[in-house]
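Keep the viewer open while you read.

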Amino acid sequence: MNHPLEQLRDDALREIEAASDEQALEATRIKYLGKSGSISAWGEQTIESRTGQFRSQKESGALSEIDVTLPGIGRSGYSGYGGYARSGAGGYSGYSAKEIGSLHPLTQMLERSIQIFRRMGFALADGPDVEDEWHCFDALNMPPEHPARNEQDTFYLSDGRLLRTHTSTVQIRAMESAPPPLRVIAPGAAYRRDEIDATHSAQFHQIEGLYVDKNVSVADLKGTLEFFMRELFGPDTEVQFRLHYFPFTEPSLEIYVKSKALKKGEQWIEVAGSGMVHPAVFEEVNKASGDNAYDPEKWTGYAFGLGMDRLAMILFDIPDIRLFAQNDLRFLRQFA
Ligand code: DAH
């Protein structure tokens with residue numbers, strides 16, 4: 001079989017001979033030698049396919065040196081979930097710490113908190129940021145006339161849903177999806193139409209907790225949260241529970257901490273809301289599920305909501321909540 005170029009040459013010569021004037025000759029030139037002419041196209045194709053071969057050889061060569069079945073390489077100095085210290089992974093030198101970046105201080109705070117609760121047997125639960133009013137309010141014993149539902153305080157969508165104003169929504173979703181006993185935490189963002197200042201942001205972060213079982217008492221709630229605060233702020237941390245009011249708990253308690261290890265040393269700081277789950281909340285869940293799984297005569301529970309931005313500000317001594325969202329590397333590098 002002829003080489004394709006021989007065929008092209010014969011065709012070209014024939015057409016050059018046959019050209020009747022200068023214009024026809026130019027057209028033939030373009031057809032065979034122009035940018036998208038036959039010879040260029042033929043050359044392009046072969047060069048492209050050869051380039052492809054080179055590239056894939058290079059890639060498989062590089063891949064053969066990497067064992068993709070090995071676990072990922074963690075960053076040194078970060079002790080997240082089962083991360084491997086970089087130094088321990090055979091001197092892999094592809095990155096410097098600076099290029100990798102680091103976890104945001106709020107993420108670090110969340111991960112530390114989640115680890116403490118997991119050690120106490122809490123499972124992770126989740127729910128949507130865009131929520132319906134029933135999960136955000138009604139189910140939590142906040143009827144339509146409750147002031148927290150005011151449009152001025154909350155971001156509503158045109159279809160009636162809203163950005164959740166707290167992560168307490170997830171305690172309802174967790175109870176809808178599983179019968180008691182139940183022990184969950186739900187980390188996530190919450191939203192409010194607050195005036196933004198050094199301590200208020202339209203988006204902030206919470207960890208909601210819920211424990212439902214037989215004979216759960218205020219003592220269980222206090223023990224769990226005292227342990228959490230001491231793990232976080234140090235063993236000398238003092239924890240105080242002050243009576244308060246929340247619609248979805250009875251009794252309700254606000255939690256304050258004081259720790260010499262902190263910059264704010266001698267000051268009591270409010271860090272969480274909590275309480276014993278109100279029987280009306282169990283009844284709402286039962287009504288929605290069409291059963292009596294959360295029979296308030298049989299089960300009791302405690303719930304709490306921790307303000308993560310607040311906790312991180314205390315722990316890392318951060319003066320202004322807006323710093324979390326400004327993406328200023330001079331701020332973020334301090335937590336690398
Ligand atoms: N949802 C409350 C808030 O955002 C915090 C809270 C208070 C959560 C008491 C709870 C609780 O689970 O029992 O202010």
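Of the 15 residues around the ligand, which come nearest? They are His166, Ser168, Arg192, Gln206 and Glu208, where "around" means having a heavy atom within 4 Å of the molecule.

## Ground rules

This is a predicted model, so to speak of a local feature takes a pLDDT of at least 70 and a side-chain atom pair counts only at pLDDT 80 or more, while totals for chains, interfaces and linings use all residues. Numbering starts from 1 along each chain as its sequence is written, and side-chain values use heavy atoms, with hydrogens and water left out.

## The ligand and its contacts

His166 puts a polar side-chain atom 2.9 Å from a nitrogen atom of the ligand. Arg192 has a polar side-chain atom 2.8 Å from a ligand oxygen. For Glu208, an N or O atom of the side chain is 2.6 Å from an oxygen atom of the ligand. Taken alone, the ligand exposes 360 Å², and the protein buries 90% of that; these areas come from the Shrake-Rupley method with a 1.4 Å probe.

As for location, the ligand sits in the largest pocket. A pocket here is an open set of points on a 1 Å grid over the protein atoms alone, with protein on both sides within 12 Å along at least five of seven lines; a cavity, by contrast, is a set of points where a 1.4 Å probe fits but cannot get out, and lining residues have an atom within 4 Å of a point. "Sits in" means that more than half of the molecule's atoms lie within 2 Å of the grid points. The strands β5, β8 and β9 each supply at least two residues of the shell around the ligand.

## The sheet behind it

Those strands belong to an open sheet of 7 strands with mixed pairing, in the order β1-β4-β5-β9-β8-β7-β6. β1 (123-124) and β6 (238-246) stand at the edges with a single partner strand each, so one side of each is left without a neighbour in the sheet. Strands (E, at least two residues) and helices (H or I, at least four) are DSSP runs numbered from the N terminus, and two strands pair if DSSP finds at least two bridges between them. Strands of a sheet pair through backbone hydrogen bonds, either parallel or antiparallel.

How covered is strand β9 (residues 300-307), and how many of its 8 residues are buried? β9 is mostly covered, with 6 of the 8 buried, buried being under 20% relative accessible area, exposed over 50% and partly exposed in between (1.4 Å probe, protein chains only). Strand β5 (residues 203-213) runs antiparallel to β9, joined by 8 bridges, and Val212 stands opposite Gly301 in β9. Strand β8 (residues 269-277) is also antiparallel to β9, through 5 bridges; there, Gly273 has Gly305 of β9 as its bridge partner.

β1 and strand β4 (residues 182-191) pair in the parallel sense over 2 bridges, and Leu124 has Ile185 in β4 as its bridge partner. β6 and β7 run antiparallel, joined by 8 bridges, and form a hairpin with 2 residues between them. Gln240 is partnered with Tyr256 in β7.

Two cis peptide bonds are worth checking in your viewer. The bond from Pro180 to Pro181 is cis, with omega near 0°, and Pro181 is found in the loop between α7 (169-177) and β4. Another cis bond joins Glu250 and Pro251, with omega about -5°, and this proline is in strand β7 (residues 249-258).

Then there are positive phi angles. Asn141 has a phi of about 65° although it is not a glycine; this asparagine is in the loop between α6 (133-136) and β3 (162-163) and counts as partly exposed at 28% relative accessibility. Asn215 has a positive phi near 60°, is found in the loop between β5 and α8 (218-233), and is exposed, with a relative accessible area of 69%.

Finally, something on distance. Ala24 lies in helix α2 (residues 22-33) and counts as partly exposed at 26% relative accessibility. Ala24 and Ser217 are 193 residues apart in sequence and 98 Å apart in space, C-alpha to C-alpha.

How values were computed
A polar contact is a pair of N or O atoms within 3.5 Å; within protein, one must be able to donate a hydrogen and the other to accept it, and residues adjacent in sequence count only if both atoms are side-chain atoms.
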